[in-house]
Amino acid sequence: SGPSVILRMIRRCEKTMANLLRLSRTPRVVSVQSLSRLRAPPVEAVRFLADELSVRMACLARQLRGDVRVLEHTTELAATLEHAALDAAALGERVVADAPTGAAFLRELCTSTEVGSRALVSNLRELARDVGTGAEQRRAVQSVSVRSHRQLVAQRVLIAHLTKLVDSDDSAEPLCAPACDLSALVVSIVEEAELFCREKHGDTPTIVLDAPPLVGALRICTVPAYVHFALMELLKNAAGAHVRKFGVLGLCDAPPVQVIVRADANAVTIRVRDFGGGMSIDTRQSALDYYFTTNEEREANYTYSRAFGSQFEGLGVGLPLAAAHARYLGGDLVLASLAGDGTSAYLTIDRIGGERTDPTGDRDEFDV
C-alpha cells in the first residue's frame, strides 16, 4: 500500500543519512600492535573492517575532491572511493551470516580502489615531470599521491588480517608480527639486495652490517613485509649510487655500503650510508617527492637486465613509497647527504607497534 511504501522510503533515507554521518568521522587508529593481537570471530571481523574501511575510503574521497579543481584526473578515483565507502558501510549494517562472502566483497572493493589509484599514476607522473606544470598542480599531484598511497598501505594490512581471520588458516604467515626478529630480517634483506644488484649490474658493492649480534636480541612488533620494502629501496639506491660512481669493475676497491641498526625501548633506527657521491641540495629536497628521479628508466641489455624481477631504478616512486611504509610503521624516512661524498638514509620505525602507527587519519602538510 501507499503508506507502507512511503514508510520504507523514509527508513531507507534515514539509514542512508546515518551512513553518511558515520562516514564523515575521522578514521580511528588501528595500530600494528592491536592488529597483531586481534582474534575476533569472522563475522565480527567483517563488520569491524567494513566500518573502518568505509570511513577511510570516504575520508580519502573528501581529500581528493579538494584537488579536483586543479587536477581533474582525480574525479573518477574520488567517485570510485565514494561508491566503495557506501557499499562497505551498507555491508557493515547488514547481518553477515556468511563471513567469507562478506570478506570477498570487501576485498573486491579494495581492489577497485587500488586499480583506480594505479590508473592515475601515468597522468600524475606526466604532470610531475612536465616543466610547464604550475606550482598549484604540482602540489595537487603530491597531495593525491601521498594520500592515496597512505590509504593503500594501511588498507592492505587490514584486508590481509581480515582474510587470515575469516579463512582461519593457522599456517598462514601473519602480516603483523608481534615479536619479529629484526636482526635476522635485516640480514636477509641485505643478502637479497646484494643478489638483486648482482643480477641487474653483474656485481654488487660490499654491504657491511652493524646490528645487535644475538639472535632474538632485537624483537619488535611490526609488519616485516613493510620493513623489507622500505629497507630494500634504500639498499637499491645505495648500491646504484656506488655502481654509477665507481663502475662495476671498481666496486671491489670502493668503500662498503654501511647498514647500522640501533634501538631504544620505543623505536628502531636503521641507517644506510653510501659513498656514491651524494646529492645536491635541490635533489635532496625533492628526493621524497613522487615521480622525482635523477635516473632515467633503462632498457635491458647484456650489461643490465630487468627481465627478472622489478625495475631497479628510474621510476621515481621508490623513496616516497619507502617513506609511506615507514610512516605507517610509526616512524619516518630522513635523508642527509654531502655532495661529492655520499648519502645517509635514516629509516625509523616504532618498536612496539603502538599508537604512532597507522597515521591514516592524521593531518598532513596538504591540509589547509
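Student: Which residue is the bridge partner of Q258 in β5?

Tutor: That's R273. This is a predicted model, by the way. The strands involved are β4, residues 257–263, and β5, residues 267–273.

Student: In what sense do β4 and β5 pair, and over how many bridges?

Tutor: They pair in the antiparallel sense, over six bridges.

Student: Nice. What's the order of the strands in the open sheet?

Tutor: Five strands form it, in the order β2-β4-β5-β7-β6, and the pairing is mixed. β2 (207–210) and β6 (332–338) stand at the edges with a single partner strand each, so one side of each has no neighbour in the sheet. From one strand to the next, the twist averages 15 degrees.

Student: How many helices and strands are there in the chain?

Tutor: The chain has 10 helices and seven strands.

Student: Let's switch to helix α3. What span should its 24 residues have?

Tutor: Helix α3 covers residues 42–65, and at 1.5 Å a residue it should span 34 Å. Its end C-alpha atoms are 34 Å apart, so the model agrees with that expectation.

Student: And how many residues of α3 are buried?

Tutor: 17 of the 24, so α3 is largely enclosed by the rest of the structure. For the chain, buried residues make up 47% of the 368 residues.

Student: I clicked on Y328. Where is it found, and is it buried or exposed?

Tutor: Y328 is in helix α10, residues 318–328. Its relative accessible area is 3%, and the cut-off for buried is under 20%, so Y328 counts as buried.

Student: What does Y328 touch?

Tutor: Leaving out residues up to four places away in sequence, its contacts include V30, V32, L35, V153, Y226 and P359. Y328 and T360 are 32 residues apart in sequence, yet their C-alpha atoms are 7.9 Å apart in space.

Student: New topic: what is the mean pLDDT of the chain?

Tutor: The mean is 83, and 81% of the residues reach 70 or more.

Student: Where does pLDDT stay under 50?

Tutor: One stretch is residues 17–21, with four contacts beyond four places in sequence. Another is residues 300–312, for which the model has 34 such contacts. Where pLDDT is low, the predicted coordinates should not be read in detail.

Definitions and conventions. Residues numbered from 1 in each chain as written. Predicted model: local features only at pLDDT ≥ 70, side-chain atom pairs only at ≥ 80, totals over all residues. Heavy atoms only, no water. Helix = DSSP H or I, 4+ residues; strand = E, 2+ residues; numbered from the N terminus. Expected span 1.5 Å × (residues − 1). Buried < 20%, exposed > 50% of the residue type's maximum accessible area, 1.4 Å probe, protein only. pLDDT = per-residue confidence, 0-100. Contact = heavy atoms within 4.5 Å. Pairing = 2+ DSSP bridges. Axes fitted to C-alpha atoms, helices over the stretch in contact; angles between N-to-C directions.
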